[in-house]
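Student: I would like to go through this model term by term. Can we set each label against its cut-off?

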Amino acid sequence: MSKSLIPPVPIKIHPRLTRGRFNNARVGMVLLTQLVFLGLPWLQWNGRQAVHFNLAEHHFLIFGLSLWPQDFIYLAALLVVSALGLFLWTALAGRLWCGYSCPQTVYTQIMIWIERLTQGDHLARRKLDAAPWSVDKLAKKGAAQLLMGAFSLWTGLTFVGYFTPMRELAVLNMGPWDAFWTLFYAGFTWLLAGALREKVCLHMCPYARFQGAMFDDHTLIISYDEKRGEPRGKAQAKSANPAKGCVDCGICVQVCPTGIDIRAGLQYECIGCAACIDACDQVMDKLQSPRGLIRYTSAHALQGKPAAARSLHRPRVAVYSCLLAGIVALSATGMALKKPFKVDVLRDRASLVEQGEDGLLQNRYNLRLINTTEQPQRYALAVEGLPGIRLEHAGQVVTVRPAQTETVPVRVLAAPEHAPRGAHPIRFVVRSLSDDAIVREKSSFIGE
């Protein structure tokens, strides 16, 4: 086989450390996102875990909000809002999500910090990679992998803590499925952020591929000012022009986590992290030249057109905004009108209809009362729909604990002359004695 047909061995990217206002923002987002992700499962709310997705009981608790399978429409709305929000943000400001908040970016940054702690700066890490294996190399590489593995296990345990009480997991009180998902999530955290890193953004993330469909000439992106920067070279450093251009130092490439040269123009590999802006601004400061050779701007502005070109009044922005506002408004209205409790009616299929000693027809049901509030509630039960229809225990009152479910067996009685053979529509009426909220749930009464 010809040498030219052999693919080159990929070189691991070790980005150079940079400092600046955008780097500070990225570090802040890493700390903020991890504080929220790692801290939420430990928070308590009314004696229980504040955020708990109980899949076994199909019950989601988010602080004071209690959601059941009947509320999954809100989950669908949340997913749609997230998607539209991402589309709107991309149309306005490009890939700021990727550069600052994406879990892949956040965890990759943490893994790079671990490598920098155990192996040194970017030059030391490259030198270590090229060196033959030795006790020193094994110790440094092993320490990095050990810390990465520990951090990945921590994230895996935290992830499972949203579904199984975190305080139980903390003392390793977990079942086989808890252990499996902890190791599964930890393994993928290590694989994607510790091993693959930028390759996920370059080759696996679909967002990088279709983002161009949401860009236009007004979208805020990281751009190199070619008019000011070219021709690049060391002569720029000696130029008398106060707005010196690119001196071709290459630092913007060295700090890029995906290894691209922003001076080549907009590329799908750019995640919008602005490391190159911080690096270039530092060089311009040393040259006593204005910042902004590389900056957040739009293609329209680079062409020297008025700043008003960044106006929000663009068709795609208007469409995204209207859809987003409409879904948020509908969801908020639904939440505001949401009843503080829910009722499910389950017919007892083992006995459709019976006739008691008093001659009345009887149907059996199970009423599932779901208290979605944070206080115990008392509910009065009744039935309507046929003349003289009533519950066996008229005026029955049931108490349900906070954010819990109670299943109550009931018998409905009706006279044969008012319930001939067939199914007759009826309604169970459940009234909260705390706030007088009423829920009417449809069912049917079987006559004979």
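Tutor: We take the labels one at a time, and the model is a predicted one.

Student: How is the chain divided into domains?

Tutor: The domain assignment gives domain 1 (21-214), domain 2 (222-300) and domain 3 (341-447). Taken over C-alpha atoms, the centres of domain 2 and domain 3 are separated by 72 Å.

Student: What makes a set of residues the largest nonpolar core here, and which members touch the most others?

Tutor: A nonpolar core needs buried residues of the listed nonpolar kinds, joined through side-chain atoms within 4.5 Å. The largest has 39 residues. I222, A274, C276, I277, I294 and Y296 touch the most other members. Elements giving two or more residues include α2 (72-93), β6 (221-224), α13 (275-286) and α15 (315-336). Helix α13 gives the most, with 7 residues.

Student: Why is this core placed between domain 1 and domain 2?

Tutor: Domain 1 (21-214) and domain 2 (222-300) both give residues to this core, so it lies between them.

Student: Which residues does I222 touch?

Tutor: Leaving out residues up to four places away in sequence, I222 touches I262, G272, C273, A274, C276, I277, I294, R295 and Y296. There is also a second, separate core of 26 residues, and it includes L386, L391, V400 and V408.

Student: Why is strand β8 called largely enclosed?

Tutor: Of the 7 residues in β8 (residues 341-347), 5 are buried, so the rest of the structure largely encloses this strand.

Student: What makes β8 and β10 a pair?

Tutor: Pairing takes at least two bridges. Here 7 bridges join β8 to β10 (residues 361-371), and the two run antiparallel. Within this pairing, K342 stands opposite I370.

Student: How many disulfides does the whole structure hold?

Tutor: The search finds 0. C98 is in none, and its nearest cysteine sulfur, that of C102, is 5.7 Å away.

Student: Is C98 buried or exposed?

Tutor: Its relative accessible area is 5%, so C98 is buried. The cut-off for buried is under 20%.

Student: What about K141: buried or exposed?

Tutor: K141 has a relative accessible area of 17%, so this lysine is buried. K141 is found in helix α6 (residues 135-161). Neighbours within four places aside, K141 is in contact with Q119, L128, D129 and W133.

Student: Which residues does a cis peptide bond join?

Tutor: E230 and P231, with omega about -5°. P231 sits in the loop between α11 (226-229) and α12.

How values were computed:
Residues are numbered from 1 along each chain as its sequence is written. This is a predicted model: local features need pLDDT of at least 70, side-chain atom pairs count only at pLDDT 80 or more; totals for chains, interfaces and linings use all residues. Side-chain values use heavy atoms; hydrogens and water are left out. Buried means under 20% relative accessible area, exposed over 50%, partly exposed in between (1.4 Å probe, protein chains only). Helices (H or I, at least four residues) and strands (E, at least two) are DSSP runs, numbered from the N terminus. Domain bounds come from an automatic or database domain assignment. Contact means heavy atoms within 4.5 Å. A disulfide is a pair of cysteine sulfur atoms within 2.5 Å.
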